[in-house]
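Dear colleague,

Please find the structure below, handed over for your reference.

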Amino acid sequence: MKRREFIAKGVVSSLAFTIVPRVVLGGNGFLAPSDRINLGFIGVGKQSYTLMHGLNNCKEINTLAACDVDRKKLQAFIGSTTKKLSELGKAQGDVAPYHHYRELLQRKDIDAVVIATPDHWHAQIAVDAARAGKDIYCEKPLALTIAEGRAMVDATRKYKRVFQTGSMQRSSYNFRQAAELVSNGYIGKVKEINVSVGEPVKQCDLPSMPAPDYLDWDMWVGPSPYRGYNPILSPPIEDDKWAWWRGYRDFGGGYITDWGAHMFDIVQWALGMDNSGPVQFIPPKQANANSGLSFVYANGVKVNHVEWGVHNAIQFIGEKGKIEVSREFIRSSPDNLAGLQLTSSDRRLYYSDNHYQDFVDAIKKRSKPICDVEIGHRTSTVCNAINIAYELQKDLKWNPKHEQFDNEYANLLRSRPYRGEWDFRQF
């Protein structure tokens, strides 16, 4: 071969081996693999679709795997996720299906997990995920019990993970505006707060039925005391209705931990109680009461669980005015308060207008997101304590520092028994 031919062929050969897809190199409009945050989804019911779309819309996110004990729901979610990734130009092979979440956690290429299971699974999966070195996005309410929430905080801190609780109202204008107006004294000293959410949790009285063959019912029950299958707890994918496992003890906390985890969370935020909580819970004394409970903070602010005319909303009543807020509105008395622009001297709360991107940014910075695990734990503690007070029909004093009641039986209800191999405390 002549020298000139050799050099020419060498150049062509070199180019052939160095041309690689742009997505691998990164650059303007593309992310290199080292900049990607690879997700695995654990629990793929209806809420997971909202999370999947919101998170994958973040340019840094890619989804590699999903897990569920319902084979039909898992297949449907993988199909939707694969389509979404393709539309975004992120598709890099199939989204891998898993039946057991611990198999998903073993994957070294997964950086973070999204936990969207029923509440009774949150603690066990979150602790296992933290131990496996994964950052965590966990749906609200954070925990089924007070003790589980504290264990989730401890595991997150021990393994130095980023943890975002899915209390996304903190990333909404209405609620941030309301919380900042209240915390900066625009309605004067807060006298009373009314929170309109539904009823407390109740015992599960659903009849047992044969479980469908596509659902691993024993695994669905998991750490909770065993009971037979009922489609209200885990409806088939063809049923458009939301599952109502959240209404029953051992699986959820009723509307108190469902919508309450949103609304009481904003109360905590507005009052500056993200690292604390109330000191007393005062339930109505009549049997089977579904509303009328009050709880009190050390500064004397009283919060009432009561219907005040609007569902799933908060009413802050101060010495100089009133603010009412929901997802649909923020309104005030005097009228001009609701849209008031805060001044440079006002204390501003953590700003986020995208709960998913805030999680991504926290992972990149290794910082606490807007609804860190401690915040989620403190809010779910309020909700769980409300359910305990309703159940016992006793006034309960609560020490938010030591996380203890003044009642022996109430303290027992801070935790629950665990079935079989499951025990979130083993970390």
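**Backbone features in the loops**

R366 lies in the loop between α12 and α13. Although R366 is not a glycine, its phi is positive, at about 55°. Helices here are DSSP runs of H or I with at least four residues, strands are runs of E with at least two, and both are numbered from the N terminus.

Please note that this is a predicted model, in which local features need pLDDT of at least 70 and side-chain atom pairs count only at pLDDT 80 or more, while totals for chains, interfaces and linings use all residues. Residues are numbered from 1 along each chain as its sequence is written, and side-chain values use heavy atoms, with hydrogens and water left out.

One runs from K140 to P141, with omega near -10°; P141 sits in the loop between β5 (135-138) and α7. Another runs from S333 to P334, with omega near 0°, and P334 belongs to the loop between β13 (330-333) and α12 (355-365).

**Confidence**

The average pLDDT of the chain (the predictor's confidence in each residue, from 0 to 100) is 92, and 91% of the residues score at least 70. Over residues 10-30, however, the pLDDT is below 50, and this stretch has 15 contacts in the model beyond near neighbours in sequence. A contact means heavy atoms within 4.5 Å.

Two packed helices are described by the angle between their axes and the distance between the axes. The axes are lines fitted to C-alpha atoms, for helices over the stretch in contact, and the angles run from 0 to 180 degrees between N-to-C directions. Angles under 35 degrees count as roughly parallel, over 145 as roughly antiparallel, 65 to 115 as roughly perpendicular and the rest as oblique.

The axes of α6 (residues 122-131) and α7 (residues 146-158) cross at roughly 10° and come within 9 Å. The two helices are therefore roughly parallel to each other. On the α6 side the contact is made by H122, A123, A126, V127 and A130, and on the α7 side by E148, A151, M152, A155 and T156. Seven of these residues are nonpolar, two polar and one charged. In this classification Ala, Val, Leu, Ile, Met, Phe, Trp, Tyr, Cys and Pro count as nonpolar, Asp, Glu, Lys and Arg as charged, and the others, Gly among them, as polar.

Helix α7 also packs against α13: their axes come within 8 Å and cross at roughly 170°, which makes α7 roughly antiparallel to α13. From α7, the residues I146, G149, R150, M152, V153, T156 and R157 meet V373, E374, H377, R378, T381, N384, A385 and I388 of α13. This contact divides into six nonpolar, five polar and four charged residues.

Rolling a probe the size of a water molecule over the atoms shows where empty space is left. On a 1 Å grid over the protein atoms alone, a cavity is a set of points where a 1.4 Å probe fits but cannot get out, and a pocket is an open set with protein on both sides within 12 Å along at least five of seven lines; lining residues have an atom within 4 Å of a point. Grid points are joined across faces, edges and corners, and a volume is the space filled by probe spheres set on the points.

The largest pocket holds about 1,100 Å³ of space. Of the 49 residues that line this pocket, K46, Q47, A116, W242 and W245 are the closest to its centre. Helix α3 gives the largest share of the lining, five residues. The pocket lining comprises 24 nonpolar, 13 polar and twelve charged residues.

Yours sincerely
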